[in-house]
Amino acid sequence: MADILNLALPYFGLIFVGFACGKVKSLPESGLAWMNFFLLYVSLPALLFAIMSKTPFSELNNPPFLVATTLSTVAAFTLALVVGKVFGRLTLREATLAGLSGGYGNIGYMGPGLALAVLGTKASAPTALIFCCDSIFLFTIVPLLIELSDRDHPSIIHAFGVVLKQIVLNPLIMSACFGAAFASLHIEMPVALDRTITFLQNAAAPTALFVLGVTVALRPFDRVPWEVPGVIAIKLLFHPLAAFGLMLAFGPFAQPWAATAVLMASLPPALNVFVIARQNDAWIESASVAVLLGTFASVVTLTSVMWLLQTGRLAFP
């Protein structure tokens, strides 16, 4: 257990350091703009590109794994959307964001670094594949549902145009695709460029976790909407259980791959949920509460999953 805590606490510790700094130091939230830009457009894309480009392309060609992991995310998203719609009595736009909170974990900020630390380099390929598939699904269905709920833009053609634009311009998805292309073509990176990418990717995890803590600290916390506990339970409990079941149903998969799927599904709601809620001016307070409470609750749930995987109590045939 000590080994698990030694792995988990630095990750949560950086979040808590950022949270404490956000509470103690009165700096404007606009100060995070360049750090967020560095993460989303420089450091995290460098990390995903490096993972994909250095993974043999044959390992990336695993359709059953892609279907299984994506189905677990689809199930969690759909269930959270229904919970928001029925119990929270939310509009379609708000329920869509609740679904995003229940299905989209912190696969960008926490996922790659945590998976590689817990499971080693064999987790790099499944981590990148899960990130790409989850992002493509969620960044397709969420803008589509939001656009369809917008009375000013009821056209389905317009909605698909918005979705396509968001996918093409998403730096994380595109960097992973470029990395896969490099892997398939066996392109060797120049030494200087490879070292530059290494510097950038090493900065991704600590910067992301600190920014996550600061951003959560700056969010108001007045009340807990009715649907939020259910959404958090779906993300932290139902999603990893669904991933575990689908790994067994679609497998067998190698232990590192199946374990990576469960670990990634166990991550708390992503900070991007709040960002997207603010961009769409809907479910903003609830999204911030979901990210805050989900992150704190995952100290127990995510650490437990890590312990189960590391001790072999959660094994796959």
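User: Where is Ser-175?

Analyst: Ser-175 is placed in helix α9, residues 171-185. A helix here is a DSSP run of H or I with at least four residues, a strand is a run of E with at least two, and numbering goes from the N terminus.

User: What kind of model is this, and how are residues numbered?

Analyst: It is a predicted model, where local features need pLDDT of at least 70 and side-chain atom pairs count only at pLDDT 80 or more, while totals for chains, interfaces and linings use all residues. Residues are numbered from 1 along each chain as its sequence is written, and side-chain values use heavy atoms, with hydrogens and water left out.

User: OK. Ser-175, buried or exposed?

Analyst: Ser-175 counts as buried, at 8% relative accessibility. Buried means under 20% relative accessible area, exposed over 50%, and partly exposed in between, with a 1.4 Å probe and protein chains only.

User: What does Ser-175 contact?

Analyst: Pro-45, Leu-48 and Phe-49, leaving aside neighbours within four places in sequence. Contact means heavy atoms within 4.5 Å.

User: Zooming out. How many helices and strands are there?

Analyst: The chain has 15 helices and 0 strands. Its radius of gyration is 19 Å, close to the 20 Å from the globule rule for 317 residues, so the chain is as compact as a globular protein of that length. That radius is taken over C-alpha atoms, and the rule is 2.2 Å times the number of residues to the power 0.38.

User: How much of the chain is buried?

Analyst: Of the 317 residues, 51% count as buried. As for contacts between residues at least 6 apart in sequence, 85% join residues at least 24 apart.

User: What follows α14?

Analyst: Asp-281 does, and its phi is positive, near 55°. Trp-283 lies in the loop between α14 and α15. Trp-283 also has a positive phi, about 55°, although it is not a glycine. At 7% relative accessibility, Trp-283 counts as buried.

User: And the loop between α13 and α14?

Analyst: Ser-266 lies there, with α13 covering 255-265. Ser-266 counts as buried, at 1% relative accessibility. A polar atom of its side chain lies 2.7 Å from the backbone oxygen of Val-262.

User: Which residues does Ser-266 touch?

Analyst: Lys-235, Leu-236, Pro-240, Leu-302 and Val-305, not counting residues up to four places away in sequence.

User: Last one. Asp-222, buried or exposed?

Analyst: Asp-222 counts as exposed, at 68% relative accessibility. It lies in the loop between α11 and α12 (227-250). The C-alpha atoms of Asp-222 and Val-289 are separated by 8.9 Å, and these residues are 67 residues apart along the chain.

How values were computed: Polar contact = N/O pair within 3.5 Å; in protein donor to acceptor, adjacent residues only side chain to side chain.
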